[in-house]
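Hi,

Here is the structure I said I would pass on.

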Amino acid sequence: LTGIEVAEKCAYVANRVIEVLSQPVVLSGCLINTGTSIGISVFPKDGREAPELLLNGDKALYEAKSKGRGVFRFFEQSLDEKAKIAHVLESDLRMAIVRNEFVLHFQPQKLAICGDITGAEALVRWNHPTRGVLYPDQFISSAEENGLIFDIGRIILNTACRECQKWRDEGHGSISVAVNISSVQFRDKMFVETVENALAESGLDPNYLELEITESVMMDQSDFVVENLRRLRGLGIEFAIDDFGTGYSSLAHLKHLPVQKLKLDKVFIDGLANDAADLAIVEAVINLGHSLNLKIVADGVESPEQAKILSAKECDVLQGFLIAKAMPADTFLQWLS
Ligand code: C2E
Ligand code: MG
């Protein structure tokens, strides 16, 4: 657009373009619906040369797309900052994969009834060369967006299986390992093979591997996801639904899926001792889970009082700072001994 006195005039045009293009058209007898997203950069504020204007327009377009369909966005400096940060994180993650900067920490899980340790959840940490230790919420979602989660997830699975086999070799034969699987990973065509390779390389008995999946995976009724769940279950692997109660799972789905455990989210455990609603939810999930033959794991148990209530309500497994925080592999092995 030329001869614009004020940038806001672009908004009027952008809206008109979106409106016109959203009208369905008939092509060879087929009704075609199109959606439009628009990114806007303005000369000279957002760039003095065409390549820079196009690049910034593209960043605005990316932002518009992330807000849903039929939206336009102006370029802003903050988008540039956001894109730069994402770009640096992505290249750092690529290096981290090559340099093997990921480590797994293990958080024990114990049987509520007798206190025996039954397993440990593998939680990834990234030893960043300049930023120090980074936690999963600082990089997993970015890895999901740029696809690096597939490589990172493979490293995590391989390491977790290897460590678990080590505990077994050291005389802790009844301890299984639980690995968090992001929903993006689960939809990967190679996912089953990745798991099979991790088992084959480590020599770990599949009965000692548990995969923690999200409610969104469980709700995905596609043949592909259901088939993957069945194939992996067929190997002997167990499934736990992580953060149970926070998503939108329909309990009706549970009875059709090869799932063995529900992990009650920490938000419910937090309120257990003083919030009647949380207590009611926890009790209901435990009872319902048991009637569907599922084991219940309470995540984020911090106080003896919470543990007491959970045990009284017949929750099966406890995990949380009360038992122990997540530890590096060698510390965990000492802790076990
Ligand atoms: P999550 O699977 O729900 O893991 C439990 C988180 O709660 C862990 O945080 C753990 O350290 C923390 N936690 C456990 N007990 C307590 C407690 O008593 N009090 C408090 N305040 N916190 C407790 P972390 O390690 O930061 O992990 C956060 C999330 O990142 C995990 O949530 C999981 O969804 C994801 N994540 C961790 N490791 C991996 C991984 O290897 N792959 C993938 N895809 N995601 C991972
Ligand atoms: Mg988990």
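Below are my notes on the pockets, the cavities, the salt bridges and one surface patch.

First, the ground rules. This is a predicted model, so to speak: local features need pLDDT of at least 70 and side-chain atom pairs count only at pLDDT 80 or more, while totals for chains, interfaces and linings use all residues. Residues are numbered from 1 along each chain as its sequence is written, chains are lettered from A and ligands numbered from 1 in the order in which they are written, and side-chain values use heavy atoms, with hydrogens and water left out.

**Pockets**

Rolling a probe the size of a water molecule over the atoms shows where empty space is left. The search runs on a 1 Å grid over the protein atoms alone, and a pocket is an open set of points with protein on both sides within 12 Å along at least five of seven lines; a residue counts as lining if it has an atom within 4 Å of a point. Grid points are joined across faces, edges and corners, and a volume is the space filled by probe spheres set on the points.

The largest pocket has a volume of about 970 Å³. It is lined by 36 residues, and E121, L123, R125, P136 and N180 are the closest to its centre. Strand 5 (102-111), strand 6 (117-128), helix 4 (140-146), helix 5 (149-169), strand 8 (176-180), helix 6 (183-186) and strand 10 (238-244) each give two or more residues to this lining. Helices (H or I, at least four residues) and strands (E, at least two) are DSSP runs, numbered from the N terminus. Strand 6 has the largest share of the lining, with five residues. By type, the lining holds 13 nonpolar, eleven polar and twelve charged residues. Here Ala, Val, Leu, Ile, Met, Phe, Trp, Tyr, Cys and Pro are nonpolar, Asp, Glu, Lys and Arg are charged, and the others, Gly among them, are polar.

The second largest pocket holds about 630 Å³ of space. Of its 22 lining residues, Y62, K82, A83, A86 and E145 are the closest to the centre. Helix 2 (50-66), helix 3 (77-99) and helix 4 each give two or more residues to the lining, and the largest share, eight residues, comes from helix 3. That lining divides into eight nonpolar, six polar and eight charged residues.

**Cavities**

A cavity is a set of grid points where a 1.4 Å probe fits but cannot get out. How many of 30 Å³ or more does a search of the whole structure find? There are two.

The largest cavity has a volume of about 50 Å³, and its lining is F150, G153, R154, Q185, D188, F191 and T194. Helix 5 supplies the largest share, three residues. The lining splits into two nonpolar, three polar and two charged residues.

The second largest cavity comes to about 40 Å³. Around it sit F102, V103, L104, V124, I155, I156 and T159, of which six are nonpolar, one is polar and none is charged.

**Salt bridges**

A salt bridge here means a side-chain nitrogen of Lys or Arg within 4 Å of a carboxyl oxygen of Asp or Glu. The structure holds 20 of them.

K263 and E212 meet in one, at 2.7 Å from N to O. K263 belongs to strand 11 (residues 261-264) and E212 to strand 9 (residues 209-213), so this pair ties together parts that are 51 residues apart in sequence. Both residues are buried (under 20% relative accessible area; exposed is over 50%, and partly exposed is in between, with a 1.4 Å probe and protein chains only).

D270 and K266 form another, at 2.9 Å from N to O. They are four residues apart in helix 11 (residues 266-270), about one helical turn. D270 is partly exposed at 37%, and K266 is partly exposed at 31%. K266 also forms a salt bridge with E302, with the closest N and O atoms 3.8 Å apart.Salt bridges that share partners join E121, E212, K263 and D299 into one network.

**Surface patch**

L1, I4, Y12, V13, V17 and L21 make a nonpolar surface patch of about 550 Å². Patch residues have over 30% relative accessible area and no salt bridge, with like charges joined within 9 Å and nonpolar side chains (Val, Leu, Ile, Met, Phe, Trp, Tyr) within 5 Å. Areas come from the Shrake-Rupley method with a 1.4 Å probe, and for residues only the protein chains shown count as cover. I4 lies in the segment before helix 1 (8-21).

Cheers
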